[in-house]
Amino acid sequence: MNISNKLCSLLHTTESICVLTGAGISAESGVETFRGSNGLWSKLKPEELANFDAFIRNPDLVWEWYNYRKKIIHDVKPNPAHCALAHLQDLVKDFTLITQNIDNLHIRAGSKNVLELHGNIERSYCISCGKSVTHVEVTLENKVPHCSSCHGIIRPDIVWFGEMLPEGVFEMATDAATRCELFLSIGTSAVVYPAANLPLIARKQGAYVVEINMERTEISNSVDETLLGKAGEILPQLVKMKEEIKG
Ligand code: OAD
């Protein structure tokens, strides 16, 4: 792995790191990404599956899709990239992990206080009374779950296109991006806003911004350094360097 002298020396000194992850960090676990020639959105229509109006029109279809994804996610495990980040949180005083992923793999790897910008597939809530539900019983005959309190329709706790991010979460993410010294943008195409703004906010506030991706992205020209390769190979090496420095 080729890293700059600047990144090497920052790894030595920094006590403040903020990380943004996207679907690419889970690719090596076996979870498909959204974009690119084999991405989910090249085969499926997000406007039919990740949109509130579509859900109201056809909740069966949307639940079928999320149950299918849930099954895939339950069958996979966190990979070395998720585990490296879970370890990194113990190596610096100020660490924030922000994710666009809904797959819960960071939490399963041991990361704490994860800022989930787009929700979590393990949670659901009632669209009528707002009650949150952690376990959704799904049967073949009755695919759409209903609220045990008011019988309203339950929806996955996922931010769909056109919806607001969960209250307060983006503000906490912005604060962390603003105060960090090192910002890592990992496995994201950086085309979905406002998440894609975070590396730019960090850089504007003086952080050194490093992107880790298989290919160059929309923000490659705006970051300080791009490390091309698999997150599951690069991150464990970076975290090992930090660990060795700590002794
Ligand atoms: P994308 O699918 O848009 O981008 C995934 C990125 O990961 C691409 O840039 C790939 O090159 C990169 N990648 C793939 N494998 C990798 C690996 N092993 N190591 C490092 N990088 C790798 O996913 P996101 O940027 O996360 O929204 O997409 C953002 C949002 O769009 C998602 O959160 C989702 C989607 O619509 C919601 O679900 C609300």
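Tutor: Helices (H or I, at least four residues) and strands (E, at least two) are DSSP runs, numbered from the N terminus. This is a predicted model, in which local features need pLDDT of at least 70, side-chain atom pairs count only at pLDDT 80 or more, and totals for chains, interfaces and linings use all residues. Residues are numbered from 1 along each chain as its sequence is written, and side-chain values use heavy atoms, with hydrogens and water left out.

Student: Which residue caps the N-terminal end of α7?

Tutor: Asparagine 79 does, with a side-chain oxygen 2.7 Å from the backbone nitrogen of alanine 81. Asparagine 79 sits in the loop between α6 (59-75) and α7 (80-88).

Student: Is asparagine 79 buried or exposed?

Tutor: Asparagine 79 counts as buried because its relative accessibility is 6%; buried means under 20% relative accessible area, exposed over 50%, and partly exposed in between, with a 1.4 Å probe and protein chains only.

Student: And what is asparagine 79 in contact with?

Tutor: Leaving aside neighbours within four places in sequence, asparagine 79 is in contact with Ile25, Ser26, Glu28 and Ser29. Contact means heavy atoms within 4.5 Å.

Student: Turning to α7, which of its residues are buried?

Tutor: The buried residues of α7 are Ala81, His82, Ala84, Leu85, Ala86 and Leu88. They pack against β1 (16-21), α2 (24-27), β2, α8, β7 and α11.

Student: At what angle do α7 and α11 pack?

Tutor: The angle between α7 and helix α11 (residues 231-246) is about 25°, and their axes are 8 Å apart. Axes are lines fitted to C-alpha atoms, for helices over the stretch in contact, and angles run from 0 to 180 degrees between N-to-C directions. The two helices α7 and α11 are therefore roughly parallel to each other; angles under 35 degrees count as roughly parallel, over 145 as roughly antiparallel, 65 to 115 as roughly perpendicular and the rest as oblique.

Student: Which residues make that contact?

Tutor: From α7 come Pro80, Ala81, Ala84, Leu85, His87 and Leu88, and from α11 come Ala231, Gly232, Leu235, Pro236, Val239, Lys242 and Glu243. The residues of this contact of α7 with α11 divide into 9 nonpolar, 2 polar and 2 charged. Here Ala, Val, Leu, Ile, Met, Phe, Trp, Tyr, Cys and Pro count as nonpolar, Asp, Glu, Lys and Arg as charged, and the others, Gly among them, as polar.

Student: What does valine 239 touch?

Tutor: Not counting residues up to four places away in sequence, valine 239 touches Ala84, His87, Leu88 and Leu91. Valine 239 counts as buried, because its relative accessibility is 3%. Its C-alpha atom is separated by 9.9 Å from that of alanine 86, 153 residues apart along the chain.

Student: A change of topic: where is there a cis peptide bond?

Tutor: A cis peptide bond joins tyrosine 193 and proline 194, with omega about 10°. Proline 194 lies in the loop between β7 (182-186) and α10 (198-204).

Student: What is phi for alanine 190?

Tutor: Alanine 190 has a positive phi of about 55°, although it is not a glycine. Most residues other than glycine have a negative phi, and most peptide bonds are trans. Alanine 190 is also in the loop between β7 and α10, and counts as buried because its relative accessibility is 4%.

Key
Polar contact = N/O pair within 3.5 Å; in protein donor to acceptor, adjacent residues only side chain to side chain.
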